[in-house]
Amino acid sequence: MNSGKGAKRVRFIHLTDPHLTSLGATSFTAQRGKRKLGYLSWKRKRRYIHLREILDQVTNAILAEGADQILITGDLVHICIPDEIQQAQSWLNSLGSPEQITLVPGNHDIYQSGCWQNIAAAWGSYLGLTSPPESELPADSYPMVKQIGNFNLVSLSSSEPMPFYSAQGRLGKTQIKKFTHMLDTLSGQSTGWLIHHPPLPGLTGNRRALAETAELKELIEQYQPVFVLYGHNHRNVQTRIHNTRVLGTASASSKYDASYRVIDIFTDESPVQIKMSLHQRTPDSGTFSEIATEYWAGGQVVAAL
Ligand SMILES: [Fe+2]
Ligand SMILES: [Fe+2]
């Protein structure tokens, strides 16, 4: 592998599901609809798992890694109230400029109707939006592509308001059609895909699953992205399909296993060469250690037959 001096390297860092906000300034009675459930979940459980001081440690560790692009696969907040959106915006600003960050929405960011318009107004430049969305559904603004060197990052939205007790995701027929067309136009170029929900069948239970995992699996097999990054499960999981690595990362604020991934891509090789290292915080010491490292030769976009 040509990873020596002079090799062109693009460094991505993946973090996900920071759930960084506090609901301490609001109350159960101030909430309506599904937000009442989400507030109780935060009050009874989530606020003891997702700790801001741990996210701050992860943030500092990531900033020291010197990424070309930080990739965030959603769930910045809990129930998407305006105060949370502001808290998350401050954190995004501390992490980097919109040019340095690619963000896709999670189901907690699109907790109820109206959330998309509100997060688009506050985080729009990080989400890659160039104008306020006309549709209430995030899916109508996706897929998006961002070119980093000669590598193409493709963002998908799997999040839309769901009924009580559902954390499911959906891409929708229109987004999948546009996505397939986009991949055809990127024929012969390297891609990496970002999505909040686990993209393959069997990675999570039905109540939390993406509707189109079978279709996405077929697209991965056909177009062979270098990687597919996701969140939602709050666990470090790695799946291999041909030359593609499908990588789920634990929550960046978890007191148990806060993690991030460093993905170095050497783009002057054909196919591109990749080194991925998974860094996890040790709860007792608060230090980070590299718990997994992997090298592979990347996938490539193959034109549709
Ligand atoms: Fe989450
Ligand atoms: Fe989620």
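**Backbone and burial: reading the terms**

Guide: Pro-143 is found in the loop between α4 (115-127) and β4 (144-148). Helices (H or I, at least four residues) and strands (E, at least two) are DSSP runs, numbered from the N terminus. This is a predicted model, in which local features need pLDDT of at least 70. Residues are numbered from 1 along each chain as its sequence is written.

Visitor: What joins Tyr-142 and Pro-143?

Guide: A cis peptide bond joins Tyr-142 and Pro-143, with omega of about 5°. Most peptide bonds are trans.

Visitor: Why is His-19 called buried?

Guide: Buried means under 20% relative accessible area, exposed over 50%, and partly exposed in between (1.4 Å probe, protein chains only). His-19 has a relative accessible area of 1%, and is therefore buried. His-19 lies in the loop between β1 (9-15) and α1 (34-49), and has a positive phi of about 40° although it is not a glycine.

Visitor: Why is His-242 called partly exposed?

Guide: The relative accessible area of His-242 is 48%, so His-242 is partly exposed. His-242 is placed in the loop between β8 (237-241) and β9 (244-248). Its phi is positive, about 50°, although His-242 is not a glycine.

Visitor: What makes the buried residues of α6 lie on the same side?

Guide: The buried residues of helix α6 (residues 213-223) are Thr-213, Leu-216, Leu-219, Ile-220 and Tyr-223. They cover an arc of only 120° around the axis, which means that they lie on the same side of α6. The arc is that of the directions from the helix axis to the C-beta atoms. Just after α6, Gln-224 has a positive phi of about 45°.

How values were computed:
Chains are lettered from A and ligands numbered from 1 in the order in which they are written. This is a predicted model: local features need pLDDT of at least 70, side-chain atom pairs count only at pLDDT 80 or more; totals for chains, interfaces and linings use all residues. Side-chain values use heavy atoms; hydrogens and water are left out.
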